[in-house]
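This report describes selected features of a predicted model. The sequence and structure are shown below.

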Amino acid sequence: MSRDALLPPAEKPRVIVEHPDFYVVHKPALWLTHPVKGRVDVPDLLTFMRAETGEADLAPPHRLDRETSGAQLLTRDSDAARRFYTLFKTHLVGKTYLAIVHGSPEWERRTLDAPLGELGLGGANRVVIRQAVVPDGRPAVTDFRVAGRRGQHTLIEAYPRSGRLHQIRAHLSHLGLPMVGDKIYGLDPNVFLEFMETGQTPQLTARLGLARQALHAARLAFPWEGAQFVAEVPLAPDLQAYWEGIGDEEGVSGEARQEGL
């Protein structure tokens, strides 16, 4: 049995916006953005969309992690791909994420300017790729806003100004707000090693609360043809169900209700 056989993706990608130059697609959790060597058992959005549209030139100018759901861009030709390369390189593409975390911060808004780099093996860390706030790390800035509170959980809106590896997850962990379902930066630092050995078992899902990290790419904004283009993707069904299932001891903020969260 493959490592992922216990948890096949329940959703398929769907087009949110069809533009002459690009698509905005909702990438479900547990889908790769593009094919990865050695992972033929995992579906990927790029192969799926090329087959659905018949457009062989589709390409992703950015990438969402396999466990992250939400707004993924696909360019439709080489000219659009070059234009997006410039937009991303010059930091003109705004990306807003939603994350469900353990804990309830005292603040409503917070900007964290803290360099990120590899934590390094040793001590309590046994995961090579784990990032952390380190003095000699690469500059990393994330804006956070509380979108809702329920019990001992918080719905956080995150706007990364830089694009470091695992930036939102590592910054939230640094703030003492580990993401629900996160195997590397969550409540249990050894979950990732167990996952690598056993795959996503029902027991592991029960411990984590979710089968994947509670991170969703909710909004993209960028200049295009003289105007500001904005695309929004509602919170993924599994995250919506988890959030609503927490209970409403503290309720959801008015802003979150207005946004349908």
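## Helix 6 and its surroundings

Which residue follows helix 6, and is its phi positive or negative? The residue after helix 6 is Gly247, and its phi is positive, near 105 degrees.

Helix 6 spans residues 237–245, and its buried residues are Leu239, Gln240, Tyr242 and Trp243. Viewed down the axis of helix 6, these buried residues fall within an arc of 165 degrees, so they line one face of the helix. The elements that cover them include strand 3 (69–75), strand 4 (94–102) and strand 8 (141–150). Strand 9 (153–160) and strand 10 (215–224) are also among the covering elements.

## Nonpolar cores

The largest nonpolar core comprises 30 residues, and Ile100, Phe144, Ile168 and Leu172 have the most contacts inside it. At least two residues of this core come from each of strand 4, strand 8, strand 9, helix 3 (167–174), strand 10 and helix 6. Strand 4 gives the most, with 5 residues.

Leaving aside residues up to four places away in sequence, Leu172 touches Ala99, Val101, Phe144, Ile156, Leu177, Pro178 and Met179. Another core, of 15 residues, lies apart from the largest one; among its members are Phe84, Val93, Phe222 and Ala231.

## A buried loop residue

Val42 is located in the loop between strand 2 (22–27) and helix 1 (45–53). Val42 counts as buried because its relative accessibility is 6%, and the cut-off for buried is under 20%. The C-alpha atoms of Val42 and Arg66 are separated by 9.4 Å, the two residues being 24 residues apart along the chain.

Technical notes. Residues numbered from 1 in each chain as written. Predicted model: local features only at pLDDT ≥ 70, side-chain atom pairs only at ≥ 80, totals over all residues. Heavy atoms only, no water. Buried < 20%, exposed > 50% of the residue type's maximum accessible area, 1.4 Å probe, protein only. Helix = DSSP H or I, 4+ residues; strand = E, 2+ residues; numbered from the N terminus. Arc of directions from axis to C-beta. Contact = heavy atoms within 4.5 Å. Core = buried A, V, L, I, M, F, W, Y, C linked by side-chain atoms within 4.5 Å.
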